[in-house]
Amino acid sequence: MFLSKLTSLKDAILKLNNYQIIMGSEKINLKDSYMRVLAEDIKSFHNSPPFDKSVMDGYAVIAEDTFGASNNVHKNFKIIDKIGAGDFSDKEIHSGEAILIATGAPIPKGANAVIMAEFTSQEGNVLTIHSQVTPGENISPMAEDIKKGQLVLEKNILIKPQEMGLIASAGFLEIEVYKKPKVKLIVTGSELVEPSSEVDTRSKIINSNQYTIAAMIKSSGADVDVIHLSDDYNTVKDHINQASKDYDLVITTGGTAISKGDVVVDAVDEIGELLFHGVAMRPGKPVGVGIVNNTVVFTLSGQPVAAMAQFDIFARIYLFRMQGLDYNYNIVKRKSMLKIPSTLGRVDFIRTYSDNTNARHILNRGSGIIRSMVEANSYIIIDENNEGINKGDMVDVVLFDSINWNG
């Protein structure tokens with residue numbers, strides 16, 4: 001059966017891409033830059049290291065003076081100075097001389113190697129060695145890591161601990177990063193209540209979306225404010241309208257079923273433009289995207305699993321790209337352990353548990369079964385032109401770990 005009345009996933013994404021916005025930038029202290037996106041190129045102010053430095057505690061020597069030394073053949077040197085970390089010596093080493101040196105200290109003039117302390121003994125100012133070193137041994141040369149003026153990081157990369165260290169080594173205390181999007185999450189549903197040990201099970205449902213979707217927004221690098229509204233049309237419409245003026249992005253859950261009278265979709269359609277509503281995908285068919293006051297509004301399902309899948313497929317990448325990160329999900333190949341039917345014209349995202357070789361889909365996978373997302377660690381993607389997969393087929397898999405801000 002072909003799903004001709006729904007927007008294809010490909011067309012929905014293309015429509016959304018036409019309204020992609022990118023945040024402005026701000027200058028922040030480097031210590032606050034973890035998991036932010038760099039908005040400027042980093043060219044080093046310094047050489048790193050700034051001088052030839054010792055990588056060992058030991059003695060700076062002329063390497064050629066050590067040639068022939070061994071456990072059976074010892075050689076003696078005169079110690080003429082010592083250099084601690086953060087210090088330096090203005091003395092020049094000549095043949096037969098040595099300077100005691102600490103790890104990280106600059107190599108004194110005339111020396112071209114460091115012999116480790118373990119291969120020496122010292123009595124007074126006489127150093128005895130019983131091993132040899134080659135020129136350059138145990139020395140990190142100046143600018144080995146970074147050269148002054150070198151482009152060390154290009155903008156639009158995610159700053160992780162190693163990038164922070166490189167930026168610091170380049171001499172930057174403050175850097176330009178993309179601003180974090182401010183997102184308004186509007187959870188609708190008159191039936192929703194707060195978590196409690198006592199719930200009226202005749203008509204009420206615990207509001208889990210406010211926790212899952214808010215956490216997914218944070219895991220995409222954005223800040224979020226959450227509000228829960230009843231299914232009152234004017235209230236929902238007014239909040240969406242105001243949020244579109246006060247926030248960089250609006251996300252709603254609930255009120256999106258493909259039927260007449262769904263408050264969220266109708267509200268967006270009245271006060272803005274609805275780009276699409278209903279996509280040929282499963283789970284998450286009733287997803288919608290609109291534009292209100294030039295702000296993108298994602299309308300997600302009230303069903304928890306559908307809302308999470310819709311967020312992963314549409315909102316997460318949009319948020320990444322708002323922050324200058326050109327991100328695409330990493331698709332890997334796994335062997336399907338079960339046969340999975342599908343429908344032509346629809347893209348299926350199958351909750352799956354995958355190891356390094358195989359993928360086994362979660363059998364109980366209704367769009368309201370939150371437990372299935374805990375049992376899964378990935379999605380199998382079945383293309384719209386495929387009627388399903390057979391046991392043993394190699395399939396496309398996206399691991400959950402690869403679709404968050406740390407991925």
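This is a predicted model: local features need pLDDT of at least 70, side-chain atom pairs count only at pLDDT 80 or more; totals for chains, interfaces and linings use all residues.
Two packed helices are described by the angle between their axes and the distance between the axes. Helix 7 (residues 304-322) takes part in two such contacts, described here in turn.

Helix 1 contributes Leu9, Ala12, Ile13, Leu16 and Asn17 to the contact. On the side of helix 7, these residues meet Ile313, Phe314, Tyr318 and Arg321. Seven residues of this contact are nonpolar, one is polar and one is charged.

The partner in the other contact is helix 4 (residues 209-218). Here the angle is about 20 degrees, with the axes 10 Å apart. Helix 4 is thus also roughly parallel to helix 7. The crossing of helix 4 with helix 7 is right-handed. Asn209, Thr212, Ile213, Met216 and Ile217 form the helix 4 side of the contact. Helix 7 supplies Pro304, Ala307, Met308, Phe311, Asp312 and Arg316. By class, the contact of helix 4 with helix 7 holds seven nonpolar, two polar and two charged residues.

Aromatic rings were examined next. The whole structure contains seven aromatic pairs. One of them joins Phe298 and Tyr318. Their ring centres are 5.6 Å apart and their planes stand at 75 degrees, so the pair is edge-to-face. Phe298 lies in strand 21 (residues 295-300), whereas Tyr318 belongs to helix 7. The two residues are 20 residues apart, and the pair links distant parts of the chain. Both Phe298 and Tyr318 are buried.

Another pair is formed by Tyr379 and Phe400. The ring centres lie 5.0 Å apart, with the planes at 65 degrees, so this pair is edge-to-face. Tyr379 sits in strand 26 (residues 378-382). Phe400 is in the segment after strand 28 (394-399), 21 residues from Tyr379. This pair, too, links distant parts of the chain. Tyr379 has a relative accessible area of 4% and is buried. Phe400, at 17% relative accessibility, also counts as buried, because the cut-off is under 20%.

Ring pairs also connect Phe320, Tyr327 and Tyr329 into a cluster.

Technical notes:
Residues are numbered from 1 along each chain as its sequence is written. Side-chain values use heavy atoms; hydrogens and water are left out. Axes are lines fitted to C-alpha atoms, for helices over the stretch in contact, and angles run from 0 to 180 degrees between N-to-C directions. Helices (H or I, at least four residues) and strands (E, at least two) are DSSP runs, numbered from the N terminus. Contact means heavy atoms within 4.5 Å. Ala, Val, Leu, Ile, Met, Phe, Trp, Tyr, Cys and Pro count as nonpolar, Asp, Glu, Lys and Arg as charged, and the others, Gly among them, as polar. Rings of Phe, Tyr and Trp (its six-membered ring) pair if their centres lie within 6.5 Å; planes under 30 degrees apart count as stacked, over 60 as edge-to-face and the rest as tilted. Buried means under 20% relative accessible area, exposed over 50%, partly exposed in between (1.4 Å probe, protein chains only). Angles under 35 degrees count as roughly parallel, over 145 as roughly antiparallel, 65 to 115 as roughly perpendicular and the rest as oblique. A crossing is left-handed if the near helix is turned anticlockwise from the far one by less than a right angle, and right-handed if clockwise.
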